[in-house]
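Please work through each task before reading its solution.

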Amino acid sequence: MTTERAPIELTTVPMERLRVAVRLAGEPDRPVLVLLHGNVSSSAFFEHLMRDLADDFRLVAPDFRGYGDSERRAIDATRGVADLSDDVAALLDALEVEGPVDVLGWSAGGNVAMQLALDHPHRVRRLVLEAPGSPFGFGGTTGPDGRPVADDFAGSGGGTANPQFCQALATGDRSDEPTSPRATLKAFYVRPGFTFDAADEEAYVEAMLTTSVGDDIYPGDLTQSPHWPGVAPGRTGMNNALSPKYLDQGAFGDRDPAPEVLWIRGAEDQIVSDTSMFDLAQLGKFGAVPGYPGEEVCPTQPMVSQTRAVLERAGRFTEVVSPVSGTARTWSSASVSPRTCGPSCSGTEQGSRGQSSGVARAASSAMVTMSPKVCSRSCALVSSPVTMWSETVMIPSARRPCCAARV
């Protein structure tokens, strides 16, 4: 039985593209499971999960470029997240991993996982998408088909990040100030009332602080826009790579055959949802961002509906929804036989390490034949307090951790 002392090796793999830091666990002859972290985090958030799975899998958890201990090289946002998915493919080559593998992508890592499946289909056997970003990016679109709200995709990209949060990251702020990484971790990365183990909290804050801040990585550059809210995507950095100007993964729905997908999300997720409190249009409706021109001019983004529309076209997916309390529900697409959750499928079950267990176990038994504890932090694509602007305006109803429903 795996113990907390199961070894995890943190190593650096030099490649022509860049030097990639990667956490490895499990025996090399085990089936490979690749773990892809979200924005403003690193593979360190997967350590408990890796220890839990080390008996059954060869775990490969890289840090994206500019995150964790990986080399800082600019993200070309005009390629969407393809810089990152190409890095993952190159890493698998460098590690001499043969054949297709299972890939778990969490939040922005879910988008990277989907891009890997699009651009390197021979590398992906099955996908686990944990609270993934919309296939049509974050902000600036509407409708299940991801139609742009403005021709320059205003309301998405590097200009949507909170400058105070970015400054706190850049200066290594370890305080509990409202826009600090620690406060963001405690308020938005876990469900309400959850308390981290002290050592884990410090480890997660340290992992957040490894994010390279600037136009090249996080949040990226910006351009001015004549459309509300006045900012549009630039050309470099993570938040621009996640802008619908450059990120369009609708083609995943046309893959034939598409890899089987397990989609895990939270019923009351405040970040990636159809009423996301990190969507500037949604915030404008509540008066948190001034000058909102109204739903007719700038409608909100139905992120979950967009993901479902693409996966339904692909035809091979299972959706597991975790409510804040009660039993998680499972839906399956028509081409996937329905699966039911057992008693361990409780959406409220969570260990003291800040990880979910019930939902991930039920979901994994449905597809991946593993019983993991998926890291509770399904990071916000823009990891910042609600305003994402220079002023600190908190909407009481929005001060709920984005993972409250994700864990």
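**Exercise 1.** Determine whether arginine 123 is buried or exposed, and identify its salt-bridge partner.

Solution. Step 1: arginine 123 has a relative accessible area of 6%, and is therefore buried (under 20% relative accessible area; exposed is over 50%, partly exposed in between; 1.4 Å probe, protein chains only). Step 2: its side chain meets that of aspartate 93 in a salt bridge, 2.7 Å from N to O; the term requires a side-chain nitrogen of Lys or Arg within 4 Å of a carboxyl oxygen of Asp or Glu. Step 3: aspartate 93 belongs to helix α2 (residues 82-94) and arginine 123 to the loop between α3 (108-119) and β6 (124-130), so the bridge ties together parts 30 residues apart in sequence. Step 4: aspartate 93 is partly exposed, at 49%.

The model is predicted: local features need pLDDT of at least 70 and side-chain atom pairs 80 or more, whereas totals for chains, interfaces and linings use all residues. Residues are numbered from 1 along each chain as its sequence is written, and side-chain values use heavy atoms, without hydrogens and water.

**Exercise 2.** Locate the salt bridge between glutamate 319 and arginine 265.

Solution. Step 1: the closest N and O atoms of glutamate 319 and arginine 265 are 2.7 Å apart. Step 2: glutamate 319 is in strand β14 (residues 317-322) and arginine 265 in strand β13 (residues 260-266), 54 residues apart; helices (H or I, at least four residues) and strands (E, at least two) are DSSP runs numbered from the N terminus. Step 3: both residues, glutamate 319 and arginine 265, are buried.
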